[in-house]
Amino acid sequence: MREDKNSVDVLDKSFSIDEEISQLTKLRTEPSENLRKTTFPRQKLPIPIVRMLFGREAMGRFTIADCSHAVGRYLPVNGPWSIDSMDSRAYVSQFSDDGSLLVAGFQGSNIRVYDVENQWKVRKNILARSLHWTITDTSLSPNKRLLAYASMSATVHIVDVGSATTESHANVTEIHDGLDFSAVGDENAFGIFSVKFSSDGRELIAGSSYDSIHIYDLEANRLKSRFEAHLYDVNTVTFADETGNVIYSGGDDSICKVWDRRCSNSDSKAAGALSGHIEGITYIDSRGDGRYFISNGKDQTIKLWDVRKMTSKPEYFKRKGSYWDYRNMAYPSKARNLKHPRDQSIATYRGHRVLCTLIRCHFSPAHNTGQKYIYTGSHDGCVYIYEVITGAQVAKLDLRGSTVRDCSWHPYYPILVSSSWDCIVARWEFPGTDSNPISTKKRKLRR
């Protein structure tokens, strides 16, 4: 049911995908056999909601796949409505795992934590400490008690977001503990692009401009490990699943790497590498099953990977042509259809623009969509939603403004939030509840 003007169906005729991930996605998003039998076996998909409810009366509770089949068709395409507007660029926007909180980070030292279930009211207004350039990333602990934030420095700060104080000004109204992620010999020219809590809340991992991955032991309060992971900046790191044993990383060398911490030499040698991007990687999101993940690249593509296809050595590929800097130049038109000669990805998604900043992509939530979609911010001021199996662009959410760096889909409801360089944190919904969409007059960047 994609009837909004923001809903489109643009199919890439050259798209192909591995059969296994296609079947796994269908298992999560297509109705169960019992539901099919109780709602006319020959009924074409999708099954109408009324018939699904009729079938539930006969069969009992819906399975998770049944729920995804029902809810996943309702895309959050109506909007945008403003959650907040500041006087500096919005870089980060992420829901907590349970969807009760939203964290947004801005270039001008502010991080705000919103109470989603209380009309998006600000629960915590954080004024960052020792900010260098911008808030590059934030991570909320699994128990939602602590928030880690990073910038272009070697220090990651920790804030108690569970305290009663609303205004959290670093070392004025509250203590912001500083964790030193630098190692012996590191220079001052140091920045952290990505930071993540482990699922047990005991560790933080980070990727840095020192071409390295850093692992911090929060219980021992010390840097546990730092090792060179890529040839250039490590723009993104994440855990493969809840065990915390495997880490994925991506860097400006255009390579995705897999690190297995169960191996004795994991700090010096990757378990494997995956090649396919022809420009640097801006973000990686794991499907959470320890097998599949996606990456956003400066080659203007999202790629889907299967770690079982990794090799021991990366296949570096240097694009021929004139100098190009993604921060202030358009992507060369001749390079748009260029492919890595040994591309190991199992699918490629095109249409969005990755320029100026480390734009992020994500799988849609497992609970309400069965991870049926991939969505991403874009330099053209839009959020793009692609269907995993077909590669089709099923929605384009146009803010008609500046670069959308990050976006987040609510884990249970058809709500999507975006953070953009025109200083706005906006929300999209199905069907949408407010009558006051963002005015285009408010979109101009205030410097």
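Colleague: How many strands form the open sheet, in what order, and is the pairing parallel or antiparallel?
Modeller: The open sheet is formed by four strands in the order 2-30-29-28, and their pairing is antiparallel. Strand 2 (78–85) and strand 28 stand at the edges with a single partner strand each, so one side of each has no neighbour in the sheet. On average, neighbouring strands of this sheet are turned by 25° against each other, direction ignored. For the terms, strands (E, at least two residues) and helices (H or I, at least four residues) are DSSP runs numbered from the N terminus, and two strands pair if DSSP finds at least two bridges between them. The angle is taken between axes, which are lines fitted to C-alpha atoms (for helices over the stretch in contact), and it runs from 0 to 180 degrees between N-to-C directions.

Colleague: Before we go on, what kind of model is this?
Modeller: This is a predicted model, in which local features need pLDDT of at least 70 and side-chain atom pairs count only at pLDDT 80 or more, while totals for chains, interfaces and linings use all residues. Residues are numbered from 1 along each chain as its sequence is written, and side-chain values use heavy atoms, with hydrogens and water left out.

Colleague: Back to the sheet: over how many bridges do strand 2 and strand 30 pair?
Modeller: Strand 2 and strand 30 (residues 424–429) are joined over five bridges in the antiparallel sense. Ser 85 faces Ile 424 of strand 30 across this pairing.

Colleague: Which peptide bonds are cis?
Modeller: Gly 79 and Pro 80 are joined by a cis peptide bond with omega of about 5°, and Pro 80 belongs to strand 2. Another cis bond links Phe 430 to Pro 431, with omega of about 0°; Pro 431 is in the segment after strand 30. As background, most peptide bonds are trans, and most residues other than glycine have a negative phi.

Colleague: Changing topic, what is the volume of the largest pocket, and which residues lie nearest its centre?
Modeller: The volume is about 1,400 Å³. There are 44 lining residues, and Gln 94, Phe 95, Asp 97, Asp 285 and Ser 286 lie nearest the centre. The search uses a 1 Å grid over the protein atoms alone: a pocket is an open set of points with protein on both sides within 12 Å along at least five of seven lines, a cavity is a set where a 1.4 Å probe fits but cannot get out, and lining residues have an atom within 4 Å of a point. Grid points are joined across faces, edges and corners, and a volume is the space filled by probe spheres set on the points.

Colleague: Which elements each supply at least two residues of that lining?
Modeller: Among them are strand 3 (90–95), strand 20 (281–286), helix 5 (366–369) and strand 28 (404–409). By class, the lining of the largest pocket holds 17 nonpolar, 15 polar and twelve charged residues. Here Ala, Val, Leu, Ile, Met, Phe, Trp, Tyr, Cys and Pro count as nonpolar, Asp, Glu, Lys and Arg as charged, and the others, Gly among them, as polar.

Colleague: How much space lies in the second largest pocket?
Modeller: The second largest pocket holds about 1,000 Å³. Its lining has 33 residues, with Asp 252, Gly 280, Lys 298, Trp 324 and Tyr 326 nearest the centre.

Colleague: How many cavities of 30 Å³ or more are there?
Modeller: The count is one cavity of 30 Å³ or more. Residues lining the largest cavity include Ile 215, Phe 227, Trp 259 and Arg 261.
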